[in-house]
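Hi,

Here is the structure I promised to pass on. Have a look at it first, and then read on for what turned up when I went through it.

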Amino acid sequence: MKKLFAVSLTAALLAGTCAMAAGCGNGAGGNGDGGTLSVYNWGEYIADGTDGSMDAIAEIEERLGCSIIYDLYSTNEEMFTKIQSGAVDYDVIVPSDYMISRMIDADMLAELNFDNIPNAANLMERFQKTDYDPEGKYSVPYTWGTVGLIYNTTMVEEDPDSWNALWDERYDGKIFMFSNSRDAFGIALKLLGYSQNTTDEAQIREAADLLKKQKDVLQAYVMDEIFDKMEIGEGAVAPYYAGDAVTMISENPDLAYVLPKEGSNVFIDAMCVTKDSPNKELAEKFINEMCSTDIGLANIEKICYSTPLQNVYDALDEDTKQNPIIYPDDETLSRCESFINLPDETNTLVQDLWNEIIAE
Amino acid sequence: MKAKSKFAAVPYLVWMLIFILVPLGMVIFFGFTTTGGEFTFDNFTGIVKYAHVFWKSIYLSVIATLICLVLGFPLGFLMSRMSEVGQRTMLMLIMLPMWMSFLLRTYGWMTLLENEGLINKFLELFGIGPFTMINTQGAVVLGMVYNYLPFAIMPLHSIMVKIDKSVIEAAQDLGANGFHVLIKVLIPLSIPGIITAITMVFVPSVSTFIISRMLGGGQNMLIGDLIEQQFLGSVYNPNVGSSMSLILMVIILIIMGIINHFDDEEMEGMLV
């Protein structure tokens with residue numbers, strides 16, 4: 001056991017050295033006086049200076065006088081695995097709702113000192129305290145959005161308003177589905193009228209049967225490939241995130257988006273500081289800057305997701321504010337739930353059933 | 001001199017220790033333990049229900065390997081008979097696609113094979129199709145063949161270069177027709193290259209996960225996908241993932257063992 005410890009320690013040290021070396025390389029652009037901050041965010045999730053947008057990272061480096069290491073991940077699980085392994089030290093991370101509650105339970109997040117984040121006062125009321133962080137102590141929402149149906153108006157016989165369009169035999173071979181288990185089960189559970197956060201085994205198994213039946217009419221399970229596929233008319237209906245639907249519709253005007261009547265998932269991605277962060281105060285100041293009107297606006301305009309910040313929302317142009325895809329009305333939102341972390345047994349059951357479904 | 005050559009191997013030995021042996025040890029450790037670190041066989045017994053995934057992976061990889069051999073063998077031979085410049089040009093052409101990202105090339109096939117993709121669009125001009133090509137097992141095999149064919153051609157070529165022209169001529173002088181030259185001379189002399197080609201194509205094919213996801217539509221799940229799910233799916237389960245990797249390793253070892261055994265026999269046969 002001692003040996004294993006020594007080996008892990010060596011590995012950790014090696015990884016640390018590599019990270020430090022990488023850090024020095026990356027940070028060259030900024031002013032090092034204020035320290036170095038590591039930020040771990042989703043890919044394509046910030047204004048990065050392309051298409052005439054502001055370069056948010058460079059701007060914040062200048063304002064805080066620090067240098068920033070900015071790395072990317074593509075799934076919550078990937079981020080979680082990396083942080084949990086302890087091989088990397090990120091200060092600021094941007095997990096989604098259920099992952100935040102999981103990380104709070106695992107004692108991986110630091111309580112924030114809101115004295116350093118005055119701009120968080122701009123959060124709209126329903127984002128100040130959330131299902132996954134009931135006291136609002138650990139996270140500051142960055143973006144939010146809904147999951148709905150994106151469909152090609154030239155290929156469907158009538159505009160769908162229900163999740164059962166994803167089981168509709170008329171669109172046989174022209175239907176896509178999420179390839180991640182949580183979203184896929186969420187849709188099936190909603191269609192059956194259950195909560196997306198159910199822990200009831202019978203309900204989950206019923207959803208699994210429904211998903212198995214769906215395979216007959218499905219073309220494929222996809223994630224980001226959906227952009228291309230829907231844009232060229234490869235599929236008639238598919239579920240996806242509202243912000244990305246806006247992007248797809250701008251590429252192909254035949255596409256439309258609807259939030260099904262059964263209700264859906266509303267997700268929130270929020271900025272958190274890791275428990276072991278050596279630069280907690282700097283991390284909080286970074287979050288504060290991300291919530292400022294100009295940087296917040298630049299980010300939201302770039303990535304097309306919905307903002308939880310009143311100051312940023314007010315600064316948006318009228319068209320965006322009125323867009324029901326990005327900012328659905330309260331009645332629609334009342335039908336949506338956000339994911340919370342499920343107990344281990346439920347997660348394992350869902351993953352096992354999912355493997356069975358797609359491996360069949 | 002002896003001490004010096006030993007010293008030269010130290011960097012690799014350290015590398016091997018840290019990045020090969022230690023991870024292997026960890027995979028074995030995780031594979032036989034529960035999340036709490038207690039010894040168990042449950043990880044392995046739980047995998048039985050995925051036996052068909054393992055079969056499918058092996059089945060598709062075997063097909064891909066055979067196709068690569070059938071395509072690679074004649075090309076390797078033709079190349080080995082070319083001039084020095086010709087050989088270098090051909091090798092370059094074969095290597096060229098590999099300079100591009102593996103992911104990008106597979107993504108390219110996706111846009112080619114789609115129902116609204118380029119191939120179907122082209123066929124439509126002649127009033128044929130559309131054919132369903134994407135999200136099928138055939139598309140997965142195609143992806144494997146396309147990506148790993150260079151790894152079959154190169155070892156075949158490098159071994160065939162060493163086959164002396166006079167050996168073939170001697171066989172022909174002694175009355176062997178083309179077919180006999182192939183099975184009595186060329187194939188036996190190329191066995192080491194064939195073995196390497198099989199290894200280089202089969203091993204990455206059987207453990208791939210991105211090809212099956214992009215071209216198989218997520219429905220043609222292979223072992224690689226299954227293992228990936230254990231680590232990056234909604235449940236982080238390194239124990240089951242490790243035991244799956246171990247089984248995969250054992251399968252590859254057994255198959256390589258069989259092939260190498262065949263190699264030895266051939267060699268002995270040739271000596272006699």
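To start with chain B: how many helices and how many strands are there in chain B? There are 12 helices and 0 strands, and read along the sequence the pattern is simply α-α-α-α-α-α-α-α-α-α-α-α. Keep in mind throughout that this is a predicted model.

A few overall values for chain B, to get you oriented. Its C-alpha trace spans about 70 × 70 × 35 Å along the principal axes. Of its 272 residues, 42% are buried. If you take the contacts in chain B between residues at least 6 apart in sequence, 70% of them join residues at least 24 apart.

Helix H4(B), residues 84-95, packs with helix H7(B), residues 137-160, at an angle of about 160 degrees, and their axes are 10 Å apart. That angle makes H4(B) roughly antiparallel to H7(B), and the crossing is left-handed. On the H4(B) side you'll find Gln87(B), Leu91(B), Ile94(B) and Met95(B), which meet Pro150(B), Ile153(B), Met154(B) and His157(B) of H7(B). By class, that contact comes out as 6 nonpolar and 2 polar residues, with no charged ones.

Also in chain B, take a look at Val48(B), in the loop between helix H2 (42-45) and helix H3 (51-80). Val48(B) counts as exposed, at 58% relative accessibility.

Now for chain A, where H2(A) and H9(A) make another pair to compare by eye. The axes of H2(A) and helix H9(A), residues 280-290, come within 11 Å and cross at roughly 125 degrees. That makes H2(A) oblique to H9(A), and this crossing is right-handed. Ile57(A), Ile60(A), Arg63(A) and Leu64(A) of H2(A) meet Leu282(A), Lys285(A), Phe286(A), Glu289(A) and Met290(A) of H9(A). The residues in that contact divide into 6 nonpolar, no polar and 3 charged.

Next, the salt bridges. Over all chains, a search of the whole structure finds 19 of them.

- Arg63(A) and Glu59(A) meet through their side chains at 3.0 Å, N to O. They are 4 residues apart in helix H2(A), residues 56-64, so about one helical turn separates them. Arg63(A) is partly exposed, with a relative accessible area of 34%, and Glu59(A) is partly exposed as well, at 28%.
- Glu114(B) pairs with Lys229(A) in a salt bridge, with the closest N and O atoms 3.1 Å apart. Glu114(B) sits in the loop between helix H5 (102-113) and helix H6 (118-125) of chain B, while Lys229(A) is in helix H7 of chain A, so this pair joins two chains. Both Glu114(B) and Lys229(A) are buried.
- Glu318(A) and Lys321(A) form a salt bridge whose closest N and O atoms are 3.5 Å apart. Both belong to helix H12(A), residues 318-322, and being 3 residues apart they are separated by about one helical turn. Glu318(A) is partly exposed at 48% relative accessible area, whereas Lys321(A) counts as buried at 15%.
- The network links Glu59(A), Arg63(A), Glu289(A) and Asp294(A) through salt bridges.

In H8(A), residues 242-251, the buried residues include Ala242(A), Gly243(A), Asp244(A), Ala245(A), Val246(A) and Met248(A). Among the elements covering them are strand E4 (139-152), helix H7 (226-231), strand E7 (237-241) and strand E8 (255-258) of chain A.

In H10(A), residues 293-303, the buried ones are Ile295(A), Gly296(A), Leu297(A), Ala298(A), Asn299(A), Ile300(A) and Ile303(A). These pack against H2, E4, H9 and helix H11 (310-315) of chain A. Just after H10(A), Cys304(A) takes a positive phi of about 70 degrees.

Cheers

How values were computed: Residues are numbered from 1 along each chain as its sequence is written. Chains are lettered from A and ligands numbered from 1 in the order in which they are written. This is a predicted model: local features need pLDDT of at least 70, side-chain atom pairs count only at pLDDT 80 or more; totals for chains, interfaces and linings use all residues. Side-chain values use heavy atoms; hydrogens and water are left out. Buried means under 20% relative accessible area, exposed over 50%, partly exposed in between (1.4 Å probe, protein chains only). Contact means heavy atoms within 4.5 Å. Axes are lines fitted to C-alpha atoms, for helices over the stretch in contact, and angles run from 0 to 180 degrees between N-to-C directions. Angles under 35 degrees count as roughly parallel, over 145 as roughly antiparallel, 65 to 115 as roughly perpendicular and the rest as oblique. A crossing is left-handed if the near helix is turned anticlockwise from the far one by less than a right angle, and right-handed if clockwise. Ala, Val, Leu, Ile, Met, Phe, Trp, Tyr, Cys and Pro count as nonpolar, Asp, Glu, Lys and Arg as charged, and the others, Gly among them, as polar. A salt bridge is a side-chain nitrogen of Lys or Arg within 4 Å of a carboxyl oxygen of Asp or Glu.
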